[in-house]
Amino acid sequence: MLDINEFINAISKSVEEILETQLNIFQPKNEIEDYKKLISIITFSIIESIDNPINLQEKLIVIENESFTKHLNTEKLKNISILLINAKNQHHFNLYNKARKEKREKITKALKEITIPFLRAKGFKGSFPNFKRNNNNDVHLLRFLFSQFGAQFAVEIAKSNIDNKNISFFNGHRLGSEKNKNDYWYNYENTEITEDIFNFRASEVIENWSEAENWWTEN
């Protein structure tokens, strides 16, 4: 989840930097205390405006009338609105990627500490995220697949003849799909789970293990 306080602080800093480039035009009526209040008002106006420069421009006109002795023309306010919206979007992108990277590191750690030792005990070899074990004339395959669109991963399993060099997961199975009646992904961003979501998901893979063994036996 995005750290909202970090997000607000980042936008606030950009607001101040953008206003400083306009100091020859923006002239607050009072000094530091009112200026800080102005930064705060504009910051929250940006957040509330979503990605609409026109909507933000209208809010800036109101703020300008209340806070400045000298006023900007419409085109200048429009340009400032676009700068502010772009700054907000860039901060959102940066912080989202930072949060996503931190979650990925935590789930990887949980899987390596909880799930991978279980796989080793079941005879699997390999290194994260790809594993396999030989079973008579068959090869049992397993891999952890991380989504590009959110904090979730799938555990994909497949089976191949030991002499088959062209191994594919195309006709495989995603562990947990039978139990949950859908194409199952282990979501590690679900805030409804109050315990450690990362350890919870890593342990859930083990809880679903009988589904994998049954699939390999039947296919």
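**A predicted protein chain, term by term**

Student: How many helices and strands are in the protein chain?
Tutor: The protein chain has seven helices and six strands. Helices (H or I, at least four residues) and strands (E, at least two) are DSSP runs, numbered from the N terminus. Along the sequence, their pattern reads α-α-α-α-β-β-β-β-β-α-β-α-α. This is a predicted model, where local features need pLDDT of at least 70, side-chain atom pairs count only at pLDDT 80 or more, and totals for chains, interfaces and linings use all residues. Residues are numbered from 1 along each chain as its sequence is written, and side-chain values use heavy atoms, with hydrogens and water left out.

Student: Why is Ser-147 called buried?
Tutor: Buried means under 20% relative accessible area, exposed over 50%, and partly exposed in between (1.4 Å probe, protein chains only). Ser-147 has 11% relative accessibility, so Ser-147 counts as buried. Ser-147 lies in the loop between E3 and E4. Buried residues make up 39% of the 219 residues in the protein chain.

Student: What is in contact with Ser-147, leaving aside neighbours within four places in sequence?
Tutor: Contact means heavy atoms within 4.5 Å. On that basis, Ser-147 is in contact with Arg-100, Gln-152 and Trp-185. The C-alpha atoms of Ser-147 and Tyr-186 are separated by 9.9 Å, although the two residues are 39 apart along the chain.

Student: What makes Asn-136 and Lys-181 exposed?
Tutor: Asn-136 has a relative accessible area of 70%, so Asn-136 is exposed. Lys-181 is at 73% relative accessibility and therefore counts as exposed. Asn-136 lies in the loop between E2 and E3, and Lys-181 in the loop between helix H5 (177-180) and strand E6 (186-187).

Student: What is the phi of Asn-136, and what is the phi of Lys-181?
Tutor: Phi of Asn-136 is near 60 degrees, a positive value in a residue other than glycine. Lys-181 is not a glycine, yet has a positive phi of about 60 degrees.

Student: Which peptide bond is cis, with omega near 10 degrees?
Tutor: The bond from Phe-128 to Pro-129 is cis. Pro-129 is found in the loop between strand E1 (125-127) and strand E2 (130-135).

Student: What makes a set of residues a nonpolar core?
Tutor: The members are buried Ala, Val, Leu, Ile, Met, Phe, Trp, Tyr and Cys residues, joined through side-chain atoms within 4.5 Å. The largest nonpolar core has 26 residues, and those touching the most other members include Leu-119, Phe-144 and Trp-209. Helix H4 (74-121) and strand E3 (138-146) are among the elements that each supply at least two residues of this core. The largest share, five residues, comes from H4. A second, separate core of 19 residues includes Ile-42, Ile-63, Ile-85 and Leu-95.

Student: How are two packed helices described?
Tutor: By the angle between their axes and the distance between the axes. Axes are lines fitted to C-alpha atoms, for helices over the stretch in contact, and angles run from 0 to 180 degrees between N-to-C directions. The axes of H4 and H6 come within 8 Å and cross at roughly 35 degrees.

Student: What is the handedness of the crossing where H4 passes H6?
Tutor: A crossing is left-handed if the near helix is turned anticlockwise from the far one by less than a right angle, and right-handed if clockwise. H4 passes H6 in a right-handed crossing. Residues making the contact include Ile-107 and Ala-110 of H4 and Phe-198 and Ala-202 of H6.
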